[in-house]
Amino acid sequence: MFTCIIGGFLGTGKTTLLMKIAGRCRRTGVTVAILVNEMGEVGIDGATIKGEGYDAVELPDGCICCSLSGTLQNALKNIDRDIHPDVIIIEPTGLALPHKVKELVRTSLIDSDRTMIVGLADAKRFYELMENKEEFFKRQLHASDLILITKVDLCSEGDVEVITGKLRSMHAGRDIIRVSAVTEEGIDEVVRRILNE
């Protein structure tokens with residue numbers, strides 16, 4: 001079993017991208033379970049994912065890397081026992097630090113070495129986040145195995161190139177893929193990386 005943690009700031013496009021990735025995985029015959037963590041009582045993302053026919057577990061009203069850490073570990077064990085998917089995709093809240101979630105996954109699952117962090121950087125709001133939330137933004141991405149620049153369809157080619165260069169200098173050695181949930185640019189490459197891990 002492979003675990004993929006998709007982390008990124010609020011509004012980066014995690015749920016939309018997650019559903020595109022899960023759909024492509026499912027079309028190849030891979031079984032996927034999704035674990036969604038949302039702040040607040042109403043699980044909009046979880047309802048959307050379940051509405052698309054995926055096995056989805058919601059952990060609402062708290063953060064899985066701190067206040068809900070025990071709940072996350074129990075949920076992962078239950079998913080492994082009851083569904084036993086080929087891939088578990090975890091979508092933490094936009095305020096979570098994905099590397100902390102990875103530590104919890106490693107203590108919850110037997111096959112825990114097969115865990116990838118996919119960090120999302122919103123091309124449309126990149127400069128805004130760098131200006132207002134730079135330290136947190138960098139901390140969210142620093143342990144990523146793969147960085148995706150999302151919403152590239154909303155930016156010019158030149159802007160995306162500059163953002164790619166900045167991310168390469170901040171996170172040397174990380175693979176960076178440009179993606180768009182609208183045009184589906186880069187989605188096949190992301191799925192290949194996940195399934196070949």
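Modeller: Two rings of Phe, Tyr or Trp count as a pair if their centres lie within 6.5 Å, and planes over 60 degrees apart make the pair edge-to-face. The model is predicted, and a search of the whole structure gives three aromatic pairs. One of them joins Phe 9 and Phe 136, with 6.0 Å centre to centre and 70 degrees between the planes, which is edge-to-face. This pair links distant parts of the chain: Phe 9 lies in the loop between β1 (2–8) and α1 (14–27), while Phe 136 belongs to helix α6 (residues 134–141), 127 residues apart. Phe 9 is buried, at 11% relative accessibility, whereas Phe 136 is partly exposed at 22%.

Phe 126 and Tyr 127 form another pair; their ring centres are 5.4 Å apart and their planes stand at 85 degrees, so this pair is edge-to-face. Here Phe 126 is buried, with a relative accessible area of 1%, and Tyr 127 is partly exposed, with 40%. Ring pairs also bring in Phe 137, giving a cluster of Phe 126, Tyr 127 and Phe 137.

As for the nonpolar cores, the largest has 27 residues; among those that touch the most other members are Ile 6, Ile 21 and Val 118. Elements giving two or more residues to this core include β1, α1 and β5 (115–122), and α1 supplies the largest share, six residues. A second, separate core has 16 residues, including Ala 123, Leu 141, Val 152 and Cys 155.

Technical notes
Residues numbered from 1 in each chain as written. Predicted model: local features only at pLDDT ≥ 70, side-chain atom pairs only at ≥ 80, totals over all residues. Heavy atoms only, no water. Phe/Tyr/Trp six-rings, centres within 6.5 Å; stacked < 30°, edge-to-face > 60°. Helix = DSSP H or I, 4+ residues; strand = E, 2+ residues; numbered from the N terminus. Buried < 20%, exposed > 50% of the residue type's maximum accessible area, 1.4 Å probe, protein only. Core = buried A, V, L, I, M, F, W, Y, C linked by side-chain atoms within 4.5 Å.
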